[in-house]
Amino acid sequence: MIEILIACVQTLLLVALTPLVSGVGRFMRAKMHTRKGPPILQDYYDLAKLFKRQDIHTKDSSFVHRLMPPLFLGTMLVLALGMPMLTRLSPVPFLADVILIIYLLALPRFFFALSAIDSGSSYAGVGGIRELMVGVLVEPSMMLALFVAALSAGSTNVGVMGATIGSLSVAHPVTIIIVGFAFALACYVELGKLPYDLAEAEQELQEGPLSEYSGPSLAMVKMAMSLKQILVVSWFIAIFLPFGSAVELTVVALAIGLVVYLVKLALIFFICSVFENAVSRVRFKLLGRQTWAVFGIAVFGFVFWILGI
Amino acid sequence: MDILNLSIPSIFSLSAILSVVGALLALVTGRSEGLSKGLASVFGILASCAMLGVGVGSLLGSASLISIPTPFAFASFSLLFNPLAGLLLVVINLLAILAWIYGTSYLAEYKGKGIGPIGFFMNLFVVSMNFVVTVDNAFWFLVFFELMSLSSYFLVIIEQDEKSTKGGFLYLIMAHVGFMMIMIAFFIMAGITGSFEFEVFRNTPFVPAIASVIFLLTFLGFGCKAGMVPFHSWLPQAHPAAPSHVSALMSGGMIKIGVFGIVKIGLDVLAASGCELWWGILVLTIGAISSVLGVAYALAEHDIKRLLAYHSVENIGIILLGVGIGFIGIALEQPLIAALGLMAGMYHLLNHAVFKALLFLGAGAVLYSTHTRDMEKMGGLIRAMPVTAMCFLLGSLAISAIPPLNGFVSEWFTYQALFDAAFRGDAVIQLFAGFAAVSLALTGALAVTCFVKAYGVTFLGASRSDAARKAKEVPAPMKLSMVVLAFVCVLLGVGAPLVAPLMQTVASTTLAVGPVAVAHNTLVVNPEMGSIISTPLLAVLLIGLILVPLLIRMVFARGGVDSTKEPWACGYQHEAGMSMIATSFGADVQMFMRPLYRLRSVVSHQATRLVVLFERATKGAEAAETQGIQDDRYLADSTGAFVDWLGHQAKKIEGGNYRVYLVYIVVALLVFLSMSVLAY
Amino acid sequence: MTSYLVVNILGGLLIVTSLFVVLSKTPQRTTLIYSLQSIVLVLLLVALGVTTGSRELFTWAATAFITKAVLVPAIMLFALKKIGPSAKEAVPSSISPVVAIILVAVELFVCYLAVNGIELPTALGVKPALAVSLAHFFVGLTCIITQRNILKQIFGYCLMENGSHVTLALLAPEAPGLVEIGIATDAIFAVVIMAIVAVRIHRVVKSLDADDLRELKG
């Protein structure tokens with residue numbers, strides 16, 4: 001019973017915090033550009049205002065265009081329920097299978113790209129296809145990295161993998177470090193940050209499909225996208241950096257877990273943010289080379305696992 | 001249970017008789033097309049309903065072998081009703097019933113093109129498939145296998161245009177290449193045992209070398225039927241040529257008989273001879289290659305039926321991944337892994353049959369309304385054809401393995417089987433299992449892209465031609481078939497905790513191993529690793545949590561909705577020509593996956609070469625009759641070309657770059673190392 | 001078995017560093033990474049010495065530290081200085097980094113298969129490290145084949161040499177120190193000679209690209 005409570009609490013907490021995280025990100029970027037930047041709470045104001053606006057759809061669009069925002073948000077909420085954040089093990093174990101998570105991320109991606117085509121806009125369409133391409137390029141390395149991590153941990157459940165790695169009893173430490181690195185890189189591409197994507201410029205890039213959204217729909221998609229970023233980072237934390245999360249379900253342990261989780265999250269987003277602002281955009285054509293390099297690292301980890309180190 | 005067991009053969013024969021009568025009536029009344037169609041459909045549906053009963057009975061019951069003596073001593077008519085045959089019977093006849101219903105309206109497209117023959121051949125096709133999966137005698141197996149190939153061949157060439165005859169010819173050749181290999185394998189077994197009964201084969205342990213030869217021949221032979229790479233090239237030519245409901249039956253049902261054959265011969269008939277490890281690795285590798293290449297080529301298509309045909313290649317690959325783990329598990333003497341792998345394969349077989357049939361019927365509906373297969377000329381069909389569009393969407397989600405639909409569940413089991421094999425196997429198995437998992441992930445991502453394209457370009461956005469603007473929703477029988485299949489897709493996914501144990505029974509009885517617990521309450525489980533998912537609960541959560549934002553929006557959003565605006569085009573006037581079309585997708589994928597498409601020219605043309613070879617052979621024979629000995633030009637030509645090529649390669653070797661010499665040293669060292677390993 | 005864990009982990013680090021040697025763009029960076037790798041090698045010898053209790057291995061470690069972590073990098077840096085600023089220019093490799101990574105992984109796998117398939121006089125626990133050492137031979141060759149910069153080709157040779165070092169230490173930890181000193185000095189002389197030749201080549205051809213050396217062909 002307490003697990004269900006934790007799942008609900010962490011999901012609500014995440015929803016409440018998401019605009020703050022993206023707001024801090026924008027603030028930091030402005031500071032690094034030596035701009036004044038928006039207030040930290042700007043994203044809350046944006047969402048509230050968008051919610052009051054008129055919802056505009058293109059004239060040829062169908063129900064897919066209308067369904068996508070709530071579907072994206074809903075899928076992210078389902079993922080949030082099962083992701084171990086405060087706790088070491090997943091509060092809802094049947095939602096924490098790595099294969100399920102990878103394929104569940106494909107559901108919003110499917111509709112995201114579909115809605116882009118549905119809108120009839122060419123910019124949205126190009127963005128939709130690119131979003132799909134990123135999925136195609138990232139998924140093999142992600143799967144291989146997780147495959148190897150799951151094999152050394154003896155389970156495909158995020159919580160169990162985290163518990164094995166967290167107890168430092170893995171038989172293949174080098175393997176875990178290498179595939180953890182590969183997975184981190186794959187996650188970074190998924191985050192949709194520079195050098196692979198530029199969230200503010202909404203034309204022709206991955207975020208392109210957003211250009212035909214407005215009002216409450218746009219609010220929901222924006223919310224869902226920030227939520228996705230946090231979830232992907234939490235995913236990495238849960239498997240490869242589970243240290244400090246609550247092993248026992250006591251109030252003290254959970255409180256420590258929460259604090260540690262927030263610190264880890266802040267640290268990772270800080271690093272990402274610094275990195276993001278230190279690089280320039282890579283040409284979309286060259287994305288393939290970099291993701292294949294990530295795949296190469298994962299292959300390396302795989303061979304190390306076979307070697308048994 | 002007794003009554004059921006007794007009645008299975010009688011229902012079976014009743015159904016067979018109904019089919020044959022239906023076929024003959026359709027042919028006799030061919031002049032009046034309405035009557036012919038009606039009679040063929042009614043008899044076909046009745047026969048398939050009866051056979052569906054037989055299938056369910058065999059799936060749930062225990063295996064029973066019936067042998068009826070015939071005048072020929074070697075060919076007594078044996079029928080085996082076991083869960084594996086039952087599964088195939090259910091698949092074939094479920095699709096057949098729906099195809100018949102669909103056909104009652106769809107055949108309007110074929111007025112004057114021979115509705116009588118369609119009824120005749122389709123009845124014959126279904127009944128021969130039913131016999132192939134149940135007969136337990138090599139001679140009759142070959143007879144019905146051939147009948148199945150021939151009847152489907154005539155269905156492929158029914159349109160009689162150039163494309164369909166060409167596709168049909170390729171199909172016929174590939175089917176016979178496969179047939180020859182299977183026949184040789186069966187004759188080897190018959191020669192050793194002195195009998196044509198599978199039951200005798202089953203109890204005879206063959207020498208490993210012989211068993212390997214038999215396995216290889218049957219694997220390649222049935223592989224031709226299944227359409228695995230490199231024998232896949234007939235699929236995208238033959239399937240689109242046939243009427244859509246026949247395509248559904250071929251892609252959903254017939255190519256599964258290829259998989260059935262591989263499983264039946266490799267894991268059942270050869271069980272007494274044991275199983276070599278490399279069999280499983282071969283199956284796994286071919287499966288991985290088929291899945292990736294199938295979907296990659298599908299992405300480049302803009303003919304909707306060819307796209308779907310290529311996806312059959314992909315899905316056969318995924319099924320073979322599961323089957324391959326089945327082989328590997330047996331070779332490793334890990335019954336649990338074997339059962340899990342084969343179960344994943346069988347589950348995907350069932351799932352693919354359902355969603356692929358749904359998609360082909362959907363494509364047929366589009367064809368029926370727009371009279372074109374070119375996706376570039378469609379667009380916006382969702383407004384005119386809402387039911388078709390919804391069904392096609394569900395099918396697309398299912399084939400893209402989106403949870404909680406059925407495609408996801410079987411792919412999840414395939415992943416789990418690969419995990420288990422890698423967990424328990426040695427270095428070589430780990431390597432292959434790892435890369436099979438990677439190729440499955442790549443396949444999944446490409447399939448999503450491909451179906452976003454297929455669905456988006458066909459049904460969404462603005463209509464791009466007059467035909468698309470004038471399209472109307474299809475008649476009720478066609479809608480009914482699609483809705484039923486869409487419903488089954490959801491059921492097989494959400495009801496996974498109920499379906500998985502059934503598939504497990506099929507796998508464990510085929511392998512003769514103990515039952516494996518793959519489901520627990522609402523969970524599906526991988527017993528080896530303890531991984532769990534729950535599709536019913538996931539479905540509930542997904543629907544619930546998608547409704548939450550919708551509700552919040554309904555309550556709080558006050559801005560209203562306006563859906564009259566043109567898409568934004570950077571300030572220019574939007575034109576319909578600016579929207580995405582199918583070609584836009586292919587370009588990006590080809591940019592990133594260029595090597596895959598380069599491979600295509602190598603792999604795809606093998607079958608075409610066979611055709612050319614055949615034509616050359618016939619021409620050569622003709623020429624030989626008239627000109628005598630003079631015509632050995634082909635031989636001379638190819639020898640000359642080979643010598644040229646050799647010289648060219650030799651020139652490369654003599655390039656004089658010392659680093660190239662070093663490459664040879666490294667390669668030679670690696671070869672010797674691997675040889676020492678193998679020798680050990 | 002677990003006592004060999006540290007040895008194996010260091011072996012893993014060794015292959016990672018040699019991968020970086022292959023991948024790094026400029027000779028300067030390669031030198032530093034090579035020095036780092038030699039330190040890992042020294043640590044590996046020490047760890048092996050602690051595990052097997054063989055005294056000789058500590059002397060090996062000491063000589064290896066002097067020759068590999070200090071002398072060889074020093075020689076190379078000196079050669080670089082002699083060549084001047086043009087040594088900093090990156091000479092392109094003939095394969096992409098992705099291919100290089102996967103190639104090294106494949107070599108490692110094949111070596112593991114080979115090591116796994118052979119009955120060995122040493123403990124089972126060091127098989128991963130042994131595979132790594134064997135793989136170094138191939139990684140070194142890969143470096144020589146794929147890199148067009150002649151200085152990096154020298155490092156390819158050094159990698160092979162490091163590999164043979166580890167193999168020897170793993171298979172015959174009791175070998176007398178004299179053998180080791182012989183190998184080490186041999187390597188030093190080889191590196192010195194090659195460095196001198198490289199400097200000379202640069203003086204004549206004004207390039208470090210092996211593909212520009214076609215005039216030397218007879």
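**The interface between chain A and chain B**

Asp55(A) forms a salt bridge with Arg553(B), the closest N and O atoms being 2.3 Å apart; by salt bridge I mean a side-chain nitrogen of Lys or Arg within 4 Å of a carboxyl oxygen of Asp or Glu. Between chain A and chain B the count is 3 salt bridges.

Colleagues, this is a predicted model, in which local features need pLDDT of at least 70 and side-chain atom pairs count only at pLDDT 80 or more, while totals for chains, interfaces and linings use all residues. Residues are numbered from 1 along each chain as its sequence is written, chains are lettered from A and ligands numbered from 1 in the order in which they are written, and side-chain values use heavy atoms, with hydrogens and water left out.

Asp55(A) also has a bridge partner in β6(B), namely Val561(B). The strands β1(A) and β6(B), the latter spanning residues 561-565, run parallel and are joined by 3 bridges; strands are DSSP runs of E, at least two residues, numbered from the N terminus, and two of them pair if DSSP finds at least two bridges between them.

Let me turn to the extent of the interface. Contact, meaning heavy atoms within 4.5 Å, takes in 76 residues from chain A and 85 residues from chain B. The two chains bury about 7000 Å² between them, 78% of it on carbon and sulfur atoms. Buried area is the accessible area (1.4 Å probe) that two parts lose on being put together, summed over both. On the chain A side, Phe94(A), Tyr103(A) and Phe110(A) lose the most area to chain B, together 11% of what that side buries.

Note on methods:
Helices (H or I, at least four residues) and strands (E, at least two) are DSSP runs, numbered from the N terminus.
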